Amino acid sequence: MPLHSLPDTADRPVDPETFRAIMGALPSGVTVVTTLDPQAAPHGFTCSAACSVSQDPPLLLVCVHSRSRVLREMLATGAFAVNILRDRREWVSAHFASRAGDRFASVAWQPSGRLGLPWLPDHTVACAECRLDSAITAGDHTVVIGTIVGGEARQARGPLMYWRREYAGWPGRDLASGLSLATEG
């Protein structure tokens, strides 16, 4: 039983413009989620809906449009990589958000260390290699949860941020350390 009564209007969702305005007020990091198809061809898309879920076990989630071809390949492969973009890589984000046919034709990548998934080392501050844990339908998207089984973080780079439909680097931060962290498996 609710603690108080809600007005009748509480059942109606906001309109799409209000939704975008509200969610646009929340800054996020920018990622490119990648996977391979059965022929080992790379696929990927830009995603700002990515976050940690749990440290034990190490889980993260990404939200993917349910009609996305990349989602189909992620589910079929059972694995995906989350490439966290570095500052000044707006063009990489825009490229993977476009409808370009072969998005990897003009962006260099290499197989990730543990699962061999598409990793964008020249464009990232970190990459998480994930085995598919679960997929949950939520509206017009699917929440994909993965167990992180490998990856790398580069502390010398700042992340690319997205806020109110604009890109920016991490404010006021000069990262001079060249330290690289790698996950052993």
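## Exercises on a predicted model

Cys 127 is buried, with a relative accessible area of 6%; buried means under 20% relative accessible area, exposed over 50%, and partly exposed in between, using a 1.4 Å probe and protein chains only. The structure is a predicted model, in which local features need pLDDT of at least 70, side-chain atom pairs count only at pLDDT 80 or more, and totals for chains, interfaces and linings use all residues. Residues are numbered from 1 along each chain as its sequence is written, and side-chain values use heavy atoms, with hydrogens and water left out.

### Exercise 1: The overall picture

**Task.** Find how many helices and strands the protein has, and what share of its residues count as buried.

**Solution.** 
- Step 1. Begin with the elements: the protein has 3 helices and 13 strands. Helices (H or I, at least four residues) and strands (E, at least two) are DSSP runs, numbered from the N terminus.
- Step 2. Turn to burial: 37% of the 185 residues count as buried.
- Step 3. Check the contacts, meaning heavy atoms within 4.5 Å. Among those between residues at least 6 apart in sequence, 63% join residues at least 24 apart.

### Exercise 2: The cores

**Task.** Identify which residues touch the most other members of the largest nonpolar core.

**Solution.** 
- Step 1. Recall the term: a nonpolar core is a set of buried Ala, Val, Leu, Ile, Met, Phe, Trp, Tyr and Cys residues joined through side-chain atoms within 4.5 Å.
- Step 2. The largest such core has 14 residues, and Val 33, Val 62, Met 74 and Phe 80 touch the most other members.
- Step 3. At least two residues of this core come from each of β3 (42-47), β5 (59-65), α2 (69-77), β6 (79-85) and β9 (124-138).
- Step 4. A second, separate core has 9 residues, including Val 32, Leu 85, Val 92 and Leu 120.
- Step 5. Now zoom in on Val 62: leaving out residues up to four places away in sequence, its partners include Val 33, Cys 47, Met 74, Phe 80 and Val 144.

### Exercise 3: The cysteines

**Task.** Work out how many disulfides there are.

**Solution.** 
- Step 1. Apply the rule that a disulfide is a pair of cysteine sulfur atoms within 2.5 Å.
- Step 2. The count is 0 disulfides.
- Step 3. For Cys 47, the nearest cysteine sulfur belongs to Cys 63 and is 6.5 Å away. Cys 47 is buried, at 3% relative accessible area.
- Step 4. For Cys 127, the nearest cysteine sulfur is that of Cys 130, 8.2 Å away.
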